[in-house]
Amino acid sequence: MNAQPTQPARPGQEVALGMPRLPAPDYPAEVRARLETDAKEVISRYPDSRSALLPLLHLVQSEEGYVTRTGMRFCAEMLDLTTAEVTAVATFYTMYRRKPSGDYQVGVCTNSLCAVMGGDAIFDDLKEHLGVGNNETTEDGKVTLEHIECNAACDFAPVVMVNWEFFDNQTPQSARRIVDDLRAGRPVQPTRGAPLCTFKETARILAGFPDERPGAVEGGGGAGPASLIGLRLAKGEAIPARVVSPRGETPAAPAGTVPGDAADTGQRHHLSSHDAPQKTADSDPHHPSGPVTEEGE
């Protein structure tokens, strides 16, 4: 079946049924050869070639910025799978884009804790500021905005991720600065983790190829101090009391620390928003909590 099936309609008009056109076109010969070399390297890492499907989907995503029909056909041929099997996986995981997207994927956590701490307000503000809706891309092709169910960083709520790098303790104002800098080409530094790269470059790293940018691996870091307090307490370590300034202010460095060292930056820049709780109404003025009613009202 080479053509998309249609139904009779008014003269001169056809109605598409939404079925994909098969078969998908192949990559140009030079692209195909390059991707085959990379794919064989990925497949060699697994005792069962089928297990390489997830990284191969990231590989084809790094080529065009999303998983195309051509990319799914390539994965199926390399792994001796059907295109239906590959499509089932590619459409299940949200990290695989299904349409052209921006250089920077900005994901705002709107799950319970981040939402209460202001995530909903950040997401609504960015939609208005960028003039796009969920899973839509700005006209300049720089930013794709989406809400995410959880960024696995509740200690630093509300959290925004750009190409899966963390931006902790955000506000509508700070999130606007991030997207404005991204669109203007100005450098943007995540709160934790490696320096930013484009979505295509990120996809190649997720496919299992090394990040060869200077300092990128060293910048990976680990969990922030707020995430490790429970572990330190469980080990019997004493957690010194400290005064935490409200979000947005920079407190003085703890006594005895050297400016710029891990203790200094950890104490002053990687604090959890729960260490200095804010009134929800201040960070989320459009979603104040409603009155509590008795059961049945």
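## Exercises on helices, turns and salt bridges

Helix α2 passes helix α3 in a right-handed crossing, a term for a near helix turned clockwise from the far one by less than a right angle (anticlockwise is left-handed). The model is predicted, so local features need pLDDT of at least 70 and side-chain atom pairs 80 or more, while totals for chains, interfaces and linings use all residues. Residues count from 1 along each chain as its sequence is written, and side-chain values use heavy atoms, without hydrogens or water.

**Exercise 1. At what angle do the axes of α2 and α3 cross, and what is the crossing called?**

Step 1. Find the two helices, which are DSSP runs (H or I, at least four residues; strands are E, at least two) numbered from the N terminus: helix α2 covers residues 53-64 and helix α3 covers residues 69-79.

Step 2. Take the axes, lines fitted to C-alpha atoms over the stretch in contact, with angles from 0 to 180 degrees between N-to-C directions. The axes of α2 and α3 come within 9 Å and cross at roughly 140 degrees.

Step 3. That angle makes α2 oblique to α3, because under 35 degrees counts as roughly parallel, over 145 as roughly antiparallel, 65 to 115 as roughly perpendicular and the rest as oblique.

**Exercise 2. How are α1 and α2 arranged relative to each other?**

Step 1. Helix α1 takes up residues 29-43, and its axis comes within 10 Å of the axis of α2.

Step 2. The two axes cross at roughly 155 degrees, and α1 and α2 are therefore roughly antiparallel to each other.

Step 3. To complete the description, look at the handedness: α1 passes α2 in a right-handed crossing.

**Exercise 3. Which residues other than glycine have a positive phi, and where do they lie?**

Step 1. One of them is Asn 135, with a phi of about 65 degrees, and Asn 135 lies in the loop between α5 (112-130) and β4 (136-137).

Step 2. The relative accessible area of Asn 135 is 28%, so that Asn 135 counts as partly exposed, given that buried means under 20%, exposed over 50% and partly exposed in between, with a 1.4 Å probe and protein chains only.

Step 3. Ala 152 also has a positive phi, of about 60 degrees, and is found in the loop between β5 and β6. Because the relative accessibility of Ala 152 is 67%, Ala 152 counts as exposed.

**Exercise 4. Where is the peptide bond from Ala 157 to Pro 158, and what is its omega near?**

Step 1. Pro 158 has its place in the loop between β5 (143-148) and β6 (160-162).

Step 2. Omega for the bond from Ala 157 to Pro 158 is near -5 degrees, and the peptide bond is cis.

**Exercise 5. What parts of the chain does the salt bridge between Asp 38 and Arg 204 tie together?**

Step 1. Side chains of opposite charge can pair when their charged atoms come close. A salt bridge is a side-chain nitrogen of Lys or Arg within 4 Å of a carboxyl oxygen of Asp or Glu, and the structure holds 16 of them.

Step 2. In the pair of Asp 38 and Arg 204, the closest N and O atoms are 3.1 Å apart.

Step 3. Compare the accessibility of the two partners: Asp 38 counts as buried at 11%, whereas Arg 204, at 32%, is partly exposed.

**Exercise 6. Where do Glu 85 and Arg 50 lie, and how far apart are their N and O atoms?**

Step 1. The side chains of Glu 85 and Arg 50 meet in a salt bridge at 3.5 Å, N to O.

Step 2. Glu 85 sits in helix α4 and Arg 50 in the loop between α1 and α2, so this pair ties together parts that are 35 residues apart in sequence.

Step 3. Glu 85 is partly exposed, with a relative accessible area of 30%, and Arg 50 is partly exposed as well, with 45%.

**Exercise 7. In which helix do Glu 77 and Arg 73 lie, and which residues are in the network that includes them?**

Step 1. Both residues lie in helix α3, four residues apart, which is about one turn of the helix.

Step 2. Glu 77 counts as partly exposed at 40% relative accessibility, and Arg 73 counts as partly exposed at 23%.

Step 3. Widen the view to the network of salt bridges: Asp 26, Arg 32 and Glu 36 are linked in it with Arg 73 and Glu 77.
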